[in-house]
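User: I am new to this structure and would like to go through some of its contacts step by step. Could you show it before we start?

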Amino acid sequence: MNLIFKDYLFKRFILLHIAGAIGLYYLWDPVYLLLSLLGYFIFALVGFEIGLHRYFAHRSFTCTPAVEFLLVVLSIFSCSSNPIQFALHHRTHHKLSDTLDDPHVAGTSIWHIWFQWFNRPRPNKYNVELIKDIKDNLKYQSVEKYGLL
């Protein structure tokens, strides 16, 4: 199982934002803007914030298998990561926060702090035991391996 954040996820995330900005400028349409906002709400807020962050990384609530499946699907389209990688990265952040081993070390400028584009995770500092509750789930492993269900 490859538990290293893949650069293509980061590049895809950046390219989608650039494509969205170009689309808003050259193809201006209020419907396009509303669909963009709806997509942001569904994928970024529900897929990333509720799915990856609150459910998979923190396990702050329980849900039915159908809702869990929906959160997995929406997390794929948030272009952030998959549940196993995100949970490992985020739980490592909480365990090692404010140390030099923290994968979210902010940096020296406002751009490092706001965007964290230059702060790549340090895979040799990860402890896979932090995600023992989700790492053996075949559904999450297929998302981690193939990027789909």
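User: Which residue forms a salt bridge with Glu129?

Analyst: This is a predicted model, in which local features need pLDDT of at least 70 and side-chain atom pairs count only at pLDDT 80 or more, while totals for chains, interfaces and linings use all residues. Residues are numbered from 1 along each chain as its sequence is written, and side-chain values use heavy atoms, with hydrogens and water left out. A salt bridge here is a side-chain nitrogen of Lys or Arg within 4 Å of a carboxyl oxygen of Asp or Glu. The closest N and O atoms being 3.9 Å apart, the partner of Glu129 is Lys135.

User: Is Lys135 buried or exposed?

Analyst: Buried means under 20% relative accessible area, exposed over 50%, and partly exposed in between, using a 1.4 Å probe and protein chains only. Glu129, at 47%, counts as partly exposed, whereas Lys135 has a relative accessible area of 16% and is therefore buried.

User: Which residues are linked with Asp133 in a network of salt bridges?

Analyst: The side chain of Asp133 meets that of Arg59 at 3.5 Å, N to O. Asp133 also forms a salt bridge with Arg91, the closest N and O atoms being 2.7 Å apart. Arg91 lies in helix α4 and Asp133 in the loop between α5 and α6, so this pair ties together parts that are 42 residues apart in sequence; helices are DSSP runs of H or I with at least four residues, numbered from the N terminus. The residues linked with Asp133 in the network are Arg59 and Arg91.

Terms used. Helices (H or I, at least four residues) and strands (E, at least two) are DSSP runs, numbered from the N terminus.
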